[in-house]
Amino acid sequence: MQISPSPRRDPGSRPTPDASAPPIVIVGAGLAGLACARHLVETGRPVLVLEAQDGIGGRVRTDQVNAFPLDRGFQVFLTAYPEAAALLDYDKLALRPFYPGALIQLRRRRYRFADPWRRPLASLSGLLAPVASLPDAVRIARLRAASLRRPDPNPAEPPITTEDYLRQFNLSPRVVDRFFRPFFGGVFLDRTLSTPSSFFRFVFAMFATGDAAIPAGGMQAIPQQLADTLPPGTIRLNTPVKTVEPQRVRLASGQTIHAAATVLATDAHTVHDLLPPSPSVSWNSTTTIYYAAPRAPIPERILVLNGTGHGFVNHVCIPALSPHNDAQAAPALISVSLLGIPHLDDDALNRRVLQELRGWFGIAVKNWELLRIYRIEHALPSMPAPGPSASGPVLQNGCFRCGDYLENPSINGALASGRKAAAAVNQALRPE
């Protein structure tokens with residue numbers, strides 16, 4: 001697979017900020033806040049980012065356990081994201097791409113369902129599997145063409161759900177239930193496919209034109225790279241904020257920071273707490289379970305989808321074949337994704353999942369070592385049709401906001417929201 005190169009920016013060419021001027025204070029060091037800071041710094045604005053937690057990234061965080069990078073919730077990075085291509089150095093991320101397609105688990109057998117534009121020979125065998133038919137292949141080609149023609153994630157069009165949109169292409173219930181529902185249900189964290197069709201088309205186009213990948217060091221390498229481009233001292237960790245005003249931020253410690261403008265780059269709930277009123281946002285949740293296996297059950301980086309619709313597990317993958325990404329080495333990291341948060345304690349959930357996966361991979365699962373279980377209630381803002389109802393980045397004069405809930409639940413949406421907030425700040429602070 002080929003990872004598309006990204007444009008390079010020369011940090012030395014950016015304007016020098018006025019050290020005597022009050023900074024633009026950004027509350028939150030997630031992707032949206034870091035992108036906003038990056039764009040503001042590039043226009044010569046002094047910036048201060050305040051983060052309540054002990055690390056950057058927001059919902060894109062990675063923990064190191066037994067030499068493995070464990071992302072807090074299974075995530076992938078799509079190299080075709082336009083906002084990411086404009087900001088990130090893909091080479092430095094050391095991206096590990098996934099196979100373009102998936103394995104569909106049906107009872108005790110797996111069937112390969114490959115992207116015919118990238119793996120034409122492998123895709124032919126998929127037509128013989130009980131997943132899709134030749135008419136489905138033709139209809140998926142039409143769906144792909146439609147997605148590439150209109151990849152805008154938030155167009156002004158009549159609302160329609162992804163499931164209804166797929167019906168318009170007359171796709172068989174079999175291919176919808178065995179591929180689209182677990183695959184895009186895993187992307188949206190919603191197997192009902194109630195996500196707006198416009199966002200589905202955008203995501204489909206991103207998968208079709210780029211790679212799905214994970215940085216070698218875990219997904220937190222993405223926000224870390226953004227943070228590394230900011231001037232030293234820009235980010236202050238372990239700094240919770242108590243109140244926010246357009247030109248003043250008061251910390252939980254009692255300290256007051258004067259600001260040229262403030263940007264709330266937190267989730268919508270925190271925005272409401274700091275500066276009500278704010279529109280409510282509902283969330284999709286997920287549970288991710290990581291295991292270390294003596295041997296990888298599948299010697300490639302590919303999603304294994306639950307094509308039956310039964311059981312807890314939505315999909316499984318091997319994001320790291322070993323701590324050194326060596327296919328011949330052991331152990332291997334196994335990532336198991338569930339949609340929602342089961343009402344079982346960790347021991348019961350582990351037993352239930354391993355029992356389920358024994359039907360997938362055989363008795364070898366008894367030797368898998370449980371590394372960690374992440375139950376993530378606020379994993380992605382839900383986006384039922386017709387899409388986000390929140391307005392733009394301006395909250396009030398001198399106070400702004402950004403976050404993926406204002407755009408769409410994706411890395412691209414977070415980065416785009418940060419860029420738009422920076423543009424709004426620059427517009428507001430421009431001399432008359």
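**Figure 1. Threonine 262 is buried, with a relative accessible area of 0%.** The model shown here and in the other views is predicted. Threonine 262 belongs to strand β14, which spans residues 261-264. Its side chain reaches the backbone oxygen of glutamate 245 at 3.2 Å. With neighbours within four places in sequence left aside, the residues in contact with threonine 262 include Val244, Glu245, Pro246, Arg248 and Val249. Val25, Gly398, Cys399 and Phe400 are also among the contacts of threonine 262.

**Figure 2. Arginine 110 lies in strand β8, residues 109-114.** Is arginine 110 buried, partly exposed or exposed? Its relative accessibility is 32%, so arginine 110 counts as partly exposed, the class between the limits of 20% and 50%. Apart from neighbours within four places in sequence, arginine 110 is in contact with Leu103, Ile104, Gln105, Ile298, Val304, Trp360 and Phe361. A further distance concerns asparagine 306, which is 196 residues from arginine 110 along the chain; the C-alpha atoms of these two residues are separated by 9.6 Å.

**Figure 3. Helix α1 (residues 31-42) packs against helix α12 (residues 411-429).** Two packed helices are described by the angle between their axes and the distance between the axes. The axes of α1 and α12 come within 7 Å and cross at roughly 40°. That angle makes α1 oblique to α12, and the crossing is right-handed. On the α1 side, the contact is made by Leu31, Ala32, Ala35, Cys36, His39 and Leu40. On the α12 side, the contact is made by Ile411, Ala414, Leu415, Gly418, Arg419, Ala421, Ala422, Val425 and Asn426. Sorted by class, the contact has 11 nonpolar, three polar and one charged residues.

**Figure 4. Helix α5 (residues 134-149) packs against helix α8 (residues 197-209).** The two helices meet at an angle of about 100°, and their axes are 8 Å apart. Angles of 65 to 115 degrees count as roughly perpendicular, and α5 is therefore roughly perpendicular to α8. Leu143, Arg144, Ala146, Ser147 and Leu148 are the α5 residues at this contact. Facing them in α8 are Phe200, Arg201, Phe204, Ala205, Ala208 and Thr209. By class, the contact of α5 with α8 has seven nonpolar, two polar and two charged residues.

**Figure 5. Alanine 67 and leucine 189 have positive phi values.** Most residues other than glycine have a negative phi. Where is alanine 67 placed? Alanine 67 sits in the loop between β3 (62-65) and β4 (68-71), and its phi is near 75°. Leucine 189, which is not a glycine either, has a phi of about 60°. Leucine 189 is found in the loop between α7 (173-188) and α8. Leucine 189 has a relative accessible area of 14% and is therefore buried, since the limit for that class is under 20%.

Note on methods: Residues numbered from 1 in each chain as written. Predicted model: local features only at pLDDT ≥ 70, side-chain atom pairs only at ≥ 80, totals over all residues. Heavy atoms only, no water. Helix = DSSP H or I, 4+ residues; strand = E, 2+ residues; numbered from the N terminus. Buried < 20%, exposed > 50% of the residue type's maximum accessible area, 1.4 Å probe, protein only. Contact = heavy atoms within 4.5 Å. Polar contact = N/O pair within 3.5 Å; in protein donor to acceptor, adjacent residues only side chain to side chain. Axes fitted to C-alpha atoms, helices over the stretch in contact; angles between N-to-C directions. Parallel < 35°, antiparallel > 145°, perpendicular 65-115°, else oblique. Left-handed = near helix turned anticlockwise from the far one by under 90°. Nonpolar A, V, L, I, M, F, W, Y, C, P; charged D, E, K, R; others polar.
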